[in-house]
Structure formats: structure tokens, C-alpha cells
Amino acid sequence: MMLETTGKIDFRVGNETYQTWYKSSVTSTLGVRPLIVLHGGLGLSHHYVLPFKELNTRFNIPVIFCDRIGIGESSHPKNVPKGFWALDLFMDELDNVLQYLGISANFDLAGHSWGGMLAQAPTWTATLSPCERRAIHASVGREHSSTSGEAACGAEREIGET
């Protein structure tokens, strides 16, 4: 039986607190690595990536969606400086979600378009080894395409074994 949970996570930026909306689709999957789905945008919410819930239904993979601040069900900051909407803001927001859910050391990412770019951001990927960096990047453009963590991890093993 699938359990869906929705909620809002406080996200502090400077002196302001915003909320990041999330939805988690989980079955009894203790020990199964969850999948965080990052939607594209910047004007698109999580709704169009909801078919990823099927991974939970069919394979018992916990699936988590979230709307980044400024989009969908999350806070919509007003009158913020131009520099507010920087990549680091969204990196920090994702880190905040992962910490809140208690999965910052054990998760997979699926990112579409801008979400795929976010999943590959250098500040993000530099903190993880290729074997920890398991991600699906869909429609992110040639300049942002890369191999998945599993492929990189496999290549690393092949090189080490020869």
C-alpha cells in the first residue's frame, strides 16, 4: 500500500524563512534508496513529473517531489534582490530538503531540464564520489550532459581492475 505525504519544509535565507513544498510517495520500503525528482523550470512545478510515482507503485522505490521556492506550492518571495535567484539558492534548498527528510547520504536524483542541470551542478557533484552520484538527467542540453553515476562508477572499477 502506497502512502503519500505532503508538507512544507522551512528554508532559511538570510533573515527570511520560506517554505519548500514536498510530496513523498512511499510503500513499506525500509532500506530502499529514495529517488528525488527535480522538475524543470523555472516556471514549471512538480505536476508534469508525477508519472515518476509509478516507480513506487511498480518497484517499491520511494519517490519524492518538491517545488522549488518561487514555483508551485512553495513560497513565492516578493521584492527580493536580483542576485537572490542564484544557483547556490537552489543547491542550498535541495540540501535543506535532503537533511529534513534524513536522506542526505542515501538518495538518487532524476532531473529534467533545469532540474537535470541542478543535479549536475559542480558545487553539488564535487561533494559526492562518482559511486554516490547516481542521477538521471533528461533533456538538459548538450553542454550539461554527462554519464550517470552508475556508469562512471562502473568505468572507474574497470580502469582499476586492469
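This is a predicted model: local features need pLDDT of at least 70, side-chain atom pairs count only at pLDDT 80 or more; totals for chains, interfaces and linings use all residues.
The buried residues of helix 2 are Leu89, Phe90, Met91, Glu93, Leu94, Val97 and Leu98. Just after the helix, Gly102 takes a positive phi of about 70°.

**The fold around it**

Stepping back, the protein has 5 helices and 6 strands. Read from the N terminus, the elements run β-β-β-α-β-α-β-α-α-β-α. Of the contacts between residues at least 6 apart in sequence, 65% join residues at least 24 apart. Buried residues account for 40% of the 162 residues. The accessible surface comes to about 9,100 Å², and carbon and sulfur atoms make up 53% of that area.

In soluble globular proteins, nonpolar side chains tend to be buried together. Here, the largest nonpolar core holds 20 residues, and Ile36, Leu38 and Leu109 have the most contacts inside it. Strand 3 (35–38), helix 2 (87–101) and helix 3 (114–119) are the elements that each give two or more residues to this core. Helix 2 supplies the largest share, with 5 residues. There is also a second, separate core of 6 residues, and its members include Leu35, Val37, Val49 and Ala110.

Asn56 sits in helix 1 (residues 54–59). Asn56 counts as buried because its relative accessibility is 0%, below the 20% cut-off. A polar atom of the Asn56 side chain lies 3.0 Å from the backbone oxygen of Ile61.

Asn60 belongs to the loop between helix 1 and strand 4 (63–67), while Asn79 is found in the loop between strand 4 and helix 2. Asn60 has a positive phi, near 60°, in a residue other than glycine. Asn79 also has a positive phi, near 50°, and is likewise a residue other than glycine. Asn79 is exposed, because its relative accessible area of 82% is over 50%.

| Residue | Relative accessible area | Class |
|---|---|---|
| Asn56 | 0% | buried |
| Asn79 | 82% | exposed |

Key:
Residues are numbered from 1 along each chain as its sequence is written. Side-chain values use heavy atoms; hydrogens and water are left out. A nonpolar core is a set of buried Ala, Val, Leu, Ile, Met, Phe, Trp, Tyr and Cys residues joined through side-chain atoms within 4.5 Å. Buried means under 20% relative accessible area, exposed over 50%, partly exposed in between (1.4 Å probe, protein chains only). Helices (H or I, at least four residues) and strands (E, at least two) are DSSP runs, numbered from the N terminus. Contact means heavy atoms within 4.5 Å. Accessible areas come from the Shrake-Rupley method with a 1.4 Å probe; for residues, only the protein chains shown count as cover. A polar contact is a pair of N or O atoms within 3.5 Å; within protein, one must be able to donate a hydrogen and the other to accept it, and residues adjacent in sequence count only if both atoms are side-chain atoms.
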